[in-house]
Amino acid sequence: MTAVTTELLDGHMTWAQTFMKETWGGTQQVSRGTLYDVLDYPGFVAVVDGKPQGVATYRIYGDQCEIMMIHSAIEGVGAGSALMDRVEEAAREVKCTRLWLITTNDNIPAIRWYQRRGFSLVTVHVQAMKLSRKLKPDIPATGYDSIPIRDEIELEKQL
């Protein structure tokens, strides 16, 4: 089983919306005080054995590319890595110099995963989740390993 990627197209939207609802509670996410619908942006789908198993979206502005979301349904088949590679490739094609994202302080598995792929922790936005919860009240108070979700962690990779 190896993941291949394809462009996120209209035909994937029903699957992507259901996947996001089941895994993240919906398609709306908050990043740096702004509420976004992550499926409003271009992206890629990871396909394993003919079935969609992951999705990533991004937005490019100026020389920066923000990863709006990246998530795979199964681990160990390279879906997340394939998605990350495609987003980075898209950013390089338009001459972005910075690839970045926001995650929360409790998401230690993701922070570890990003660092293994060349990302650095650049900023901790302390208590940022107070504002995020005003925009999206259903953000839980605790996350992985019962860690209180308080801060946004900004990671970047210079391209």
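## Two hairpins in a row

Which residue takes a positive phi in the hairpin of S4 and S5? In this predicted model, that residue is Asp 49, with a phi near 50 degrees, and the hairpin has two residues between its strands. Strand S4 covers residues 43-48 and strand S5 residues 51-61, and the two pair in the antiparallel sense over six bridges.

Follow the chain onward and S5 forms a hairpin with S6, again with two residues between the strands. Here Gly 62 in the turn has a positive phi of about 60 degrees. Strand S6 (residues 64-72) runs antiparallel to S5, and eight bridges join them. Thr 57 is a handy residue to look for: its bridge partners are Gly 43 and, in S6, Met 69.

## Aromatic pairs

The count comes to five aromatic pairs. One of them is Phe 44 with Tyr 58, a stacked pair at 5.9 Å centre to centre and 15 degrees between the planes. Phe 44 lies in strand S4 and Tyr 58 in strand S5, so this pair ties together parts that are 14 residues apart in sequence. Both residues, Phe 44 and Tyr 58, are buried.

Trp 113 and Tyr 114 make an edge-to-face pair, because their planes stand at 80 degrees, with ring centres 5.3 Å apart.

## A nonpolar patch on the surface

Now for the outside: Leu 35, Leu 131 and Leu 135 form a nonpolar surface patch, with about 220 Å² of accessible area together. Leu 35 belongs to strand S3 (residues 34-37) and counts as partly exposed, because its relative accessibility is 32%.

Methods
Residues are numbered from 1 along each chain as its sequence is written. This is a predicted model: local features need pLDDT of at least 70, side-chain atom pairs count only at pLDDT 80 or more; totals for chains, interfaces and linings use all residues. Side-chain values use heavy atoms; hydrogens and water are left out. Patches are made of residues with over 30% relative accessible area and no salt bridge: like charges are joined within 9 Å, nonpolar side chains (Val, Leu, Ile, Met, Phe, Trp, Tyr) within 5 Å. Accessible areas come from the Shrake-Rupley method with a 1.4 Å probe; for residues, only the protein chains shown count as cover. A salt bridge is a side-chain nitrogen of Lys or Arg within 4 Å of a carboxyl oxygen of Asp or Glu. Helices (H or I, at least four residues) and strands (E, at least two) are DSSP runs, numbered from the N terminus. Buried means under 20% relative accessible area, exposed over 50%, partly exposed in between (1.4 Å probe, protein chains only). Two strands pair if DSSP finds at least two bridges between them. Rings of Phe, Tyr and Trp (its six-membered ring) pair if their centres lie within 6.5 Å; planes under 30 degrees apart count as stacked, over 60 as edge-to-face and the rest as tilted.
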